[in-house]
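Please look through this short briefing on one protein model, which takes up its sheet, its nonpolar cores and a pair of its helices in turn.

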Amino acid sequence: MRIAGDNDNYTFVLRNDVTGRYVKDCVIELPSVTTVIKRVLVKHGLLPWSYNQTLDAFVGVANMVYEGELSVEDFIDTFTDPDMAKEWMKENGLRPEDVKTDASRRGSEKHVFLESLGQTGVEDDEAAEYYARKHVDDDDPFVHAICEWWLATNPSAVAVETVLWSTKLGVAGSVDLVWKKDGYLRVTDLKTRKAGSKAYESDFVQVDGYTDLWNERNPELQCLDGSVLLAMDDGCYNEVEVPDNFFGTFEKIKELHDMIRGGE
């Protein structure tokens, strides 16, 4: 049973199948799939993301001056003093860590929504379709994108937001959606991104990692392919299939991760 987990690790405590009691002194901690990937792979999207965040902040402050929310005098006084500028950025939530926190919160909320769709669909596809149509005009563009994808694809959900682990790889993770497509099972991972965004190589490796976990835990229900679902801030979506050459890469990255860090 998983008792805790964050961006870095999942912690499990073993349970006695006979008594049903947890063995509190037998705790296992495993790194997450995303932790392994970010420790090994270079994030090619990081520099463009940093540039866009700087641009957004610059344009936002300029608009505040233009609209009279911030006087020219206050602008000069604030941004010619590094300490005052840092404090102003903090108060207005424009620091990188603030933006990252907002993005993480946004992503978590949308994963919860996808989970609600999937849980409805496990029992009744028509109910899931009704639920999606009920939210398709939601003011939230990411919710709109997810609904549009669901209605266009009509996935038959097998598992949603399911915690998985691998004793072979020594890693754990939470798969967003496993569903039937053309008679086969597919792992799909949800990403909330800016309009026009593309799937990253790290996204493909992440799906491969989740596929490995799923197949180890479910030998009778093997997943044969995967995809990345991009829900974007203009209300559009793009489901990108994972290229065949990416399957098998996560296991190699985990081996490299353990070599660099001396195991976990």
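Two strands are said to pair if DSSP finds at least two bridges between them, and helices (H or I, at least four residues) and strands (E, at least two) are DSSP runs, numbered from the N terminus. This is a predicted model, in which local features need pLDDT of at least 70 and side-chain atom pairs count only at pLDDT 80 or more, while totals for chains, interfaces and linings use all residues. Residues are numbered from 1 along each chain as its sequence is written, and side-chain values use heavy atoms, with hydrogens and water left out.

**The sheet**
- S4 and S5 pair in the antiparallel sense over nine bridges, and tryptophan 165 stands opposite alanine 172 in S5.
- Five strands form an open sheet in the order S4-S5-S6-S7-S8, with mixed pairing.
- S4 and strand S8 (237–241) stand at the edges with a single partner strand each, so one side of each is left without a neighbour in the sheet.

**The nonpolar cores**
- A nonpolar core is a set of buried (under 20% relative accessible area, 1.4 Å probe, protein chains only) Ala, Val, Leu, Ile, Met, Phe, Trp, Tyr and Cys residues joined through side-chain atoms within 4.5 Å.
- Of the 25 residues in the largest core, those that touch the most other members are Val33, Val171, Val178, Val187, Trp214 and Phe250.
- The largest share of this core, six residues, comes from H8.

**Helices H8 and H9**
- The axes (lines fitted to C-alpha atoms over the stretch in contact, with angles from 0 to 180 degrees between N-to-C directions) of H8 (residues 201–217) and H9 (residues 249–261) come within 8 Å and cross at roughly 95°.
- H8 and H9 are therefore roughly perpendicular to each other, a term that covers angles of 65 to 115 degrees.

Definitions and conventions. Parallel < 35°, antiparallel > 145°, perpendicular 65-115°, else oblique. Buried < 20%, exposed > 50% of the residue type's maximum accessible area, 1.4 Å probe, protein only.
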